[in-house]
Amino acid sequence: MVPHNRRPANEPSVITYRTARMPKAIQIDGLPYASAARAALDLARRENDPDEIARLVSLPLYWGLADRAELTTELNTGNQRGSAAVRNVLRNLDDQETFAHGQALRVLQRTPLPTPQWNVAVCDRRGRRLGTADAWWDEIGLAWRYRTAAGPEDFSHLALAATGTVLFRCTPRQLRESPEEMSTELLNAYRHAARTPRPKVRAVYKTGNAA
């Protein structure tokens, strides 16, 4: 991204985007970056594939780098060319469920816990699915659920109890409004799981695992 009055030479594998609305740079390891909302929307405006537009718009939400309000503000103040399709995707995006992952990352960063595997199906030794963990620590058998959507893959408490799996549950709202409390409860759940024998279950990592 360069000021509109500059005409840089074309470089292989580099997209040069000239703009009269240069963003305030965010310094990371000495390099200047645009905000996640600006970067995602600038790319999304260039896309024609609805699935790719949805993927680009949801990435800042998924990683907790921006919320719907930031994306909407950026979309309204930026170049309106190509914004209709992006606006439609943003309007229909379930930002609470998507943003929950980013909030969970922030809660996890408050703890000394190791990085879990994300989006894991948990099965018994016979391969029967018990449910899906949003985050899973395989070495101790701890599952964390923080999304609210219900479905056929929701955990059966009786099935979990039978295997000894420790389950920590919270909602996206709790992640957003009580991060310190949730980090403490998550740490306590991890310690509890570490003190008990590992359950006789196995994890099946889904395609597209966030980890």
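## A residue to start with

Why does Arg198 count as partly exposed? Arg198 counts as partly exposed because its relative accessibility is 31%, where buried means under 20% relative accessible area, exposed over 50%, and partly exposed in between (1.4 Å probe, protein chains only). You will find Arg198 in the loop between H8 and strand E9 (201-205). Helices (H or I, at least four residues) and strands (E, at least two) are DSSP runs, numbered from the N terminus.

Arg198 touches Trp136, Asp138, Glu139, Ile140 and Gly141, leaving aside residues up to four places away in sequence; contact means heavy atoms within 4.5 Å. Arg198 and Thr163 are 35 residues apart along the chain, and 8.8 Å separates their C-alpha atoms.

## About the model

This is a predicted model, in which local features need pLDDT of at least 70 and side-chain atom pairs count only at pLDDT 80 or more, while totals for chains, interfaces and linings use all residues. Residues are numbered from 1 along each chain as its sequence is written, and side-chain values use heavy atoms, with hydrogens and water left out.

## The whole chain

The protein chain has eight helices and nine strands. Its C-alpha trace spans about 65 × 35 × 35 Å along the principal axes. Of its 211 residues, 40% count as buried. The chain exposes about 12,400 Å², and carbon and sulfur atoms supply 51% of that area; accessible areas come from the Shrake-Rupley method with a 1.4 Å probe, and for residues only the protein chains shown count as cover. Among contacts between residues at least 6 apart in sequence, 59% join residues at least 24 apart.

## Two nonpolar cores

A nonpolar core is a set of buried Ala, Val, Leu, Ile, Met, Phe, Trp, Tyr and Cys residues joined through side-chain atoms within 4.5 Å. The largest one has 23 residues, of which Trp137, Leu142, Trp144, Tyr146 and Leu175 touch the most other members. Two or more residues come from each of helix H5 (95-109), strand E6 (129-137), strand E7 (142-145), strand E8 (166-169) and helix H8 (179-195). H8 gives the largest share, six residues.

Trp137 has contacts with Leu108, Leu113, Pro114, Thr115, Pro116, Leu142, Trp144, Leu186 and Tyr190, not counting residues up to four places away in sequence. Apart from this core lies another, of 15 residues, including Ala37, Leu71, Leu93 and Phe99.

E6 and E7 form a hairpin with four residues between them, and Gly141 in the turn has a positive phi of about 75°. The two strands pair in the antiparallel sense over three bridges (strands pair if DSSP finds at least two bridges between them). Within the pair, Ala135 stands opposite Trp144 in E7. E7 and E8 run parallel, joined by four bridges, and here Ala143 stands opposite Leu167 in E8.

In a regular strand the side chains alternate between the two faces of the sheet. In E7, Leu142 and Trp144 point one way, Ala143 and Arg145 point the other way, and all are buried.

## A covered helix

Helix H1 (residues 36-45) is mostly covered, with seven of its ten residues buried. They are Ala37, Arg38, Ala40, Leu41, Asp42, Ala44 and Arg45. What do the buried residues of H1 pack against? Their partners are strand E2 (18-19), helix H2 (50-62), helix H3 (68-77) and helix H4 (83-92).

## Two residues with positive phi

Most residues other than glycine have a negative phi. Ser13 has a positive phi of about 65° although it is not a glycine. Ser13 is found in the loop between strand E1 (2-3) and E2, and counts as exposed because its relative accessibility is 84%.

Asn119 is not a glycine either, and has a positive phi of about 55°. Asn119 sits in strand E5 (residues 117-124) and is buried, with a relative accessible area of 18%.
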